Amino acid sequence: MINAHCVDQEYWILQRTKCECGLFYKKTDVLRQELQDGPSDVLFVQCSNCGRANKLAFNISSFFGKPDFASFEKVCKDKDIIWKLFVSDSLKMESVIGYLRRLADDGDFLAPQYIEAACQHFISKKQP
Ligand SMILES: [Zn+2]
């Protein structure tokens, strides 16, 4: 199973995965997304080129059940979660570097590659 650290990364990996016909999957090839015990997230895909069905399973234990900013209103009522968000926000750079170091130590090289692509994406938006 592939480790994913957010749903966006699952789609990022999907678009770097080839169907048996040799073409890369597209976001629009996803028929449905199913949460399973583990916890894992399974993307059921059908190749828009050849029609073959496939599925990609992701281990999502790194972010499953954690608060996200989309659910901020709900999260505001939980002081424990707010404290964790505050701590992670005030120690931003340490958190990022520590996180990268941990991923490297774990040998999870897809995650740093994903972060690198995200950084390049945001840097490209800032260039004059
Ligand atoms: Zn195909």
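Student: Which residues of helix α1 are buried?

Tutor: This is a predicted model. In helix α1, which spans residues 7-14, the buried residues are Q9, E10 and L14.

Student: Why do the buried residues of α1 line one face of the helix?

Tutor: The general idea is that an α-helix has 3.6 residues a turn, so residues three or four places apart point the same way. In this case, the buried residues of α1 fall within an arc of 145 degrees when seen down its axis, so they line one face of the helix.

Student: What covers the buried residues of α1?

Tutor: The cover includes strand β3 (40-46), strand β4 (53-59) and helix α5.

Student: How many helices and strands does the protein chain have, and how many of its residues count as buried?

Tutor: The chain has five helices and four strands. Read from the N terminus, these elements follow the order β-α-β-β-β-α-α-α-α. As for burial, 11% of the 128 residues count as buried.

Student: How should I read the packing of two helices?

Tutor: Two packed helices are described by the angle between their axes and the distance between the axes. Here, helix α4 (residues 92-106) packs with helix α5 (residues 110-126) at an angle of about 140 degrees, and their axes are 8 Å apart.

Student: Which residues make the contact of α4 and α5?

Tutor: Helix α4 contributes L100, L103 and A104, while helix α5 contributes A111, P112 and I115. By class, this contact has six nonpolar residues, no polar residues and no charged residues.

Key:
Residues numbered from 1 in each chain as written. Predicted model: local features only at pLDDT ≥ 70, side-chain atom pairs only at ≥ 80, totals over all residues. Axes fitted to C-alpha atoms, helices over the stretch in contact; angles between N-to-C directions. Helix = DSSP H or I, 4+ residues; strand = E, 2+ residues; numbered from the N terminus. Contact = placed C-beta atoms within 7 Å. Nonpolar A, V, L, I, M, F, W, Y, C, P; charged D, E, K, R; others polar. Buried ≥ 20, exposed ≤ 12 C-beta atoms within 10 Å, placed from the backbone. Arc of directions from axis to C-beta.
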